[in-house]
Amino acid sequence: MAIAAEAAGRDLYNRAGLARDARLDLFLSMAFTLPGLAVVAICVVIPCGWLFYLSAFGPDGNPTWDNYRRVFTGGGYLRVFLTTFQVSLATVAACVITGVPFATFINKLRQEQARLFLAAILLPFWTSLLVRAYAWLVLLGRNGVVNTFLLSLGVTSDPLPLGYNQFATILGMTHIMLPVFLLPVLGAMREIDRTYMQAAAGFGAGRAFAYRTVFLPLALPGITAGAILVFVMSLGFYVTPAILGGGNVQVISMRIARSLTNFSNWGAASALGVLLLVATGLLFAVSYGLRHMILSRQRR
């Protein structure tokens, strides 16, 4: 009986110690989490809530849907949304077309060579966004390097309209967003076991067929993540379309800035920001569903 009582007492002591440790862990977790949550609330939640308020309430404080009605009924706003999504999707397509082969090439290199190429990929991040945009103007302008070279060779008789249009905007945005796309793609490719390709070759599959049917499906989650990052970040671009578009490419961010600087219309600008935020949230939800579906199929 004494032994049983001692064992029961020891068990109660251990349970009390575990409960005390659990409470301590919860307290420490909350202590480390609360500052981050406070920063998110101050820098994200409160500004977004104020954005929703400005878009749904008039200057008199009464609820109004005029700001959203103006966006959906005005042809100019719809054209701006369409142009923004066209430029963003074209940037994603350009990053996928150029980035996937380049990532595959880097993935095949030795570690030292791959590090050198990764450094080259990250090099544009060390240069100002404004400088890169104006550098493209030097290349694509009517008297720029490209037109001067083509005229000197006699390929064209007049300068080509390479700058101040949607082509120049997409080209500049692709140059900026390509490193953002490559990083998750390279991460996904590095996790693929090389023996899968060897096994496919052992069953008689050619390199192109094995790459298309084995390697790319395994790298698809990384490609999808990179494409989503590029698309979401491209939706909010301002400097590159403003400089390389030359006023001929109107995107949402430029219309928001125009509503604030020229007309001081916080309601219309907030409505555009809310719609862009909602579109981004829906995109993340769809991408999460697609990623879950892709991973579930790969597990099968």
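Predicted model: local features only at pLDDT ≥ 70, side-chain atom pairs only at ≥ 80, totals over all residues.
What angle do helix 4 and helix 7 pack at, and how far apart are their axes? The angle is about 155 degrees, with the axes 10 Å apart. Helix 4 covers residues 111-122 and helix 7 covers residues 166-190. Their crossing is left-handed.

Now look at who touches whom. From helix 4 come A114, L118, I121 and L122, and they meet P179, L182, L183, L186 and R190 of helix 7. Sorted by class, the residues of this contact come out as eight nonpolar, no polar and one charged.

Stay with helix 7 and bring in another partner. Helix 5, residues 129-140, has an axis that comes within 10 Å of the helix 7 axis, and the two cross at roughly 135 degrees. That angle makes helix 5 oblique to helix 7. Which hand does the crossing of helix 5 and helix 7 have? This one is right-handed, while the crossing of helix 4 and helix 7 is left-handed. On the helix 5 side, L129, R132, W136 and L140 do the touching, and on the helix 7 side they find A168, L171, G172, H175 and I176. This contact has six nonpolar, two polar and one charged residues.

Take T169, which sits in helix 7. Is T169 buried or exposed? Its relative accessibility is 0%, so T169 counts as buried. Leaving out residues up to four places away in sequence, T169 touches V87, T240, P241, L244, G245 and V249.

Then there's P184, also placed in helix 7. P184 has a relative accessible area of 22%, so it counts as partly exposed; the cut-off for buried is under 20%. With neighbours within four places in sequence set aside, P184 is in contact with G222, A225, G226 and L229. Pick out G222 from that list: P184 and G222 are 38 residues apart along the chain, yet their C-alpha atoms are separated by 5.2 Å.

To finish, hop over to helix 2, residues 66-73. Which residues are buried there? N67, Y68 and V71 are. They span an arc of only 95 degrees around the axis, which means they lie on the same side of helix 2.

Notes
Residues numbered from 1 in each chain as written. Heavy atoms only, no water. Axes fitted to C-alpha atoms, helices over the stretch in contact; angles between N-to-C directions. Helix = DSSP H or I, 4+ residues; strand = E, 2+ residues; numbered from the N terminus. Left-handed = near helix turned anticlockwise from the far one by under 90°. Contact = heavy atoms within 4.5 Å. Nonpolar A, V, L, I, M, F, W, Y, C, P; charged D, E, K, R; others polar. Buried < 20%, exposed > 50% of the residue type's maximum accessible area, 1.4 Å probe, protein only. Arc of directions from axis to C-beta. Parallel < 35°, antiparallel > 145°, perpendicular 65-115°, else oblique.
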